[in-house]
Structure formats: C-alpha cells, structure tokens
Amino acid sequence: MAELQTKQQKRAEFALDALKEKAKSNAINKDLANFIVGMPNMILSNGLGQSLAFLKAKSSKPEREFVFSVLKKYIRKEYSTVFTSDDDFDFLCKINGLNQLDYIKLQDECLRMLEWLKRYARAFQQPEKGE
C-alpha cells in the first residue's frame, strides 16, 4: 500500500532533495544559507515575479542562481500543466501572465516551500572556522 504524504511533507522532501548535493560537498556556506533565509522577505516585499527576475538578472552569483533554479524546479513540478517549457524567458512570461488569484496561490506555495529550504539550509550549513 502506498503511503500518503501531507503537502508539508512533500515540500520538506523537495527542499531536502534540492540541498542534498550541496550538503554532501559541504557547499552550504554561510552566504548561501543567509541568502536562502532572506528570500521569503524579498518575495513578500517585491512579489514572486519581480524576485525571480532579480535572481535571473543577478545569476552570476551562485546563491542567486541556485535559488532561482530551485524555485523554477518547484514551480514546474507543482504546476506542470501551466509551466511546460524549461526556457527561463517562457517561465518568467508565464509567471507574469497569471491572473491575480493564481499568482497569489503560486507565491504562497513558494513561500511555504522556502520555509523548509531555510530550515534545512541552516541545519546543514557548513560550520565556520572556530565554531
């Protein structure tokens, strides 16, 4: 019999999987963990679409590229019928083309997943020298 997971368990599982490779290689440094922790505030202040556009525009920094890719993967997984293309331009166009209700639902879902990503980023953060 297949076990059922709650939505919270699915979010937690996704967040943990997203950090798995970085945690194995001790790549969850303080900068990445701090950036992940601040991401929900950025979304609440600016909105999901504007935050994703910022992450894409500034993707030369690895923590921004990482968070953009995690959010994109999560959105494409949860809303696979809407977000069918892997192209970043199409992805951002779809976000901006959503009606208000769908946009708010999507933003809320991303914020809920980010809570788990924050917890796990801190849990597996590489200790600083001297700690």
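Buried means a relative accessible area under 20%, exposed means over 50%, and partly exposed lies in between (1.4 Å probe, protein chains only). By that criterion valine 67 is buried, because its relative accessible area is 1%. The model is predicted: local features need pLDDT of at least 70, side-chain atom pairs count only at pLDDT 80 or more, and totals for chains, interfaces and linings use all residues. Residues are numbered from 1 along each chain as its sequence is written, and side-chain values use heavy atoms, with hydrogens and water left out.

**Packing of H3 and H4**

- Helices (H or I, at least four residues) and strands (E, at least two) are DSSP runs, numbered from the N terminus.
- Helix H3 spans residues 48-57 and helix H4 residues 62-78; their axes come within 8 Å and cross at roughly 135°. H3 is therefore oblique to H4.
- Axes here are lines fitted to C-alpha atoms, for helices over the stretch in contact, and angles run from 0 to 180 degrees between N-to-C directions. Angles under 35 degrees count as roughly parallel, over 145 as roughly antiparallel, 65 to 115 as roughly perpendicular and the rest as oblique.
- The crossing of H3 with H4 is left-handed, meaning that the near helix is turned anticlockwise from the far one by less than a right angle (right-handed if clockwise).
- Leu48, Leu52, Phe54, Leu55 and Lys56 of H3 form the contact with Arg64, Val67, Phe68, Leu71 and Ile75 of H4, where contact means heavy atoms within 4.5 Å.
- By class, the residues in the contact of H3 with H4 are eight nonpolar, no polar and two charged. Ala, Val, Leu, Ile, Met, Phe, Trp, Tyr, Cys and Pro count as nonpolar, Asp, Glu, Lys and Arg as charged, and the others, Gly among them, as polar.

**Packing of H4 and H5**

- H4 packs with helix H5 (residues 88-97) at an angle of about 65°, and their axes are 12 Å apart.
- H4 and H5 also make a left-handed crossing.
- From H4, Phe68, Lys72, Ile75 and Arg76 meet Asp88, Phe91, Leu92 and Ile95 of H5. The contact of H4 with H5 has five nonpolar, no polar and three charged residues.

**Valine 67**

- Valine 67 lies in helix H4. Residues up to four places away in sequence aside, valine 67 touches Phe35, Ile36, Met39 and Leu55.
- Valine 67 and phenylalanine 35 are 32 residues apart along the chain, and their C-alpha atoms are separated by 8.6 Å.

**Buried charged residues**

- Glutamate 109, in helix H6 (residues 100-123), counts as buried at 8% relative accessibility.
- The side chain of glutamate 109 makes polar contacts with the side chains of arginine 11 (2.7 Å) and tyrosine 74 (2.4 Å). A polar contact is a pair of N or O atoms within 3.5 Å; within protein, one must be able to donate a hydrogen and the other to accept it, and residues adjacent in sequence count only if both atoms are side-chain atoms.
- Apart from neighbours within four places in sequence, glutamate 109 is in contact with Lys7, Arg11, Tyr74 and Tyr79.
- Arginine 11, placed in helix H1, counts as buried at 7% relative accessibility. Not counting residues up to four places away in sequence, arginine 11 touches Tyr74, Glu109, Arg112, Met113 and Trp116.

**Backbone at asparagine 26**

- Asparagine 26 is in the loop between helix H1 (7-24) and helix H2 (30-46). Asparagine 26 is partly exposed, with a relative accessible area of 48%.
- Phi of asparagine 26 is near 55°, a positive value in a residue other than glycine. Most residues other than glycine have a negative phi.
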